[in-house]
Amino acid sequence: MPWLNGQLLAAEAARIDPADRGFTLGDGLFETILVRDGAAVWLDRHLARLAGGSAVLGIPARFDDATLAEACATVIAAEGIAAGVLRLTVSRGVGPRGVLPPATPSPTVLIAGHAGLPPQGPVALVVARGTCRNQASPLSRVKSLNYLDAVLARREAAERGADDAVMLNTAGRVAETTIANLFARIDGAWVTPPLTEGALPGIMRAEIVTRLGAAERPLTVEDLRRAEALLLTNALSIRAVARLEGAALTAGQETAAGLRRELGLPG
């Protein structure tokens with residue numbers, strides 16, 4: 001049962017206005033939140049990132065953090081989720097035709113829950129050739145509803161027999177993958193692209209930077225090719241890369257498994 005604009009509703013009763021700008025223009029944000037032991041994990045961090053992204057887009061808060069936290073708990077209980085996922089979506093709400101937002105928007109807020117977690121096993125990666133991340137755009141640092149570059153890159157990965165795609169920025173350096181931040185162990189040290197390279201400020205990314213003592217520096221595809229191990233992290237998973245552009249990587253799985261144990265993830 002989703003929570004929509006202050007009400008817990010049956011799925012068939014939860015409806016979005018056809019003129020909602022989240023639908024017509026992708027004008028909004030979302031957070032994907034891990035549920036573990038029947039509770040939302042790092043919810044305060046997710047809500048802080050949501051508030052930061054809303055400030056960038058100029059979307060006012062419709063509900064305070066306490067209300068959203070209570071709503072998340074309500075959805076978890078209604079769906080009976082012990083381990084799974086919450087998706088918190090905020091759009092600017094209904095607006096007239098055209099790009100300019102309304103002067104006084106009334107945001108749409110939807111929270112939906114899903115039992116079960118995505119796979120945690122090894123990943124085959126390719127480097128996306130057809131699209132890239134624009135590190136100069138403020139949207140590279142918010143979880144915007146417009147995910148089309150990632151959609152295109154993920155389709156390319158599937159067509160090339162891979163699970164995910166590395167997305168480069170406009171300078172040809174590594175940003176992230178379509179759904180995850182990327183860590184590389186090079187010459188024995190863990191590194192990850194800085195946010196200025198187009199990497200999303202991931203909740204799990206921040207945790208793994210601390211746990212691995214990872215340095216932030218620009219990375220090239222050649223850096224990835226010579227890495228001893230690659231990890232992909234997002235709010236729901238920590239996965240080792242087993243193949244990059246067809247080349248095998250044998251390290252990383254032990255590190256990924258150890259981090260999952262520390263953080264209470266399956267596998």
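A crossing of two helices is left-handed if the near helix is turned anticlockwise from the far one by less than a right angle, and right-handed if clockwise. The model toured here is predicted, so local features need pLDDT of at least 70 and side-chain atom pairs pLDDT 80 or more, while totals for chains, interfaces and linings use all residues. Residues are numbered from 1 along each chain as its sequence is written, and side-chain values use heavy atoms, with hydrogens and water left out.

Select helix H5 (residues 203-212) and helix H7 (residues 253-263). Helices (H or I, at least four residues) and strands (E, at least two) are DSSP runs numbered from the N terminus. The crossing of H5 and H7 is right-handed. Show Met204, Glu207, Ile208, Arg211 and Leu212 of H5 with Thr255, Leu259, Glu262 and Leu263 of H7; these residues make the contact (heavy atoms within 4.5 Å).

Next, select Lys143, Tyr147, Thr178, Ile179 and Ala180, the closest to the centre of the largest pocket among its 44 lining residues. A pocket is an open set of points on a 1 Å grid over the protein atoms alone, where a 1.4 Å probe fits, with protein on both sides within 12 Å along at least five of seven lines; lining residues have an atom within 4 Å of a point. Then colour H4 (148-159), which gives the largest share of this lining, 4 residues.

Last, select Leu50, Ser54, Ala61, Phe63 and Leu68, which lie nearest the centre of the second largest pocket, lined by 14 residues.

Methods
Axes are lines fitted to C-alpha atoms, for helices over the stretch in contact, and angles run from 0 to 180 degrees between N-to-C directions.
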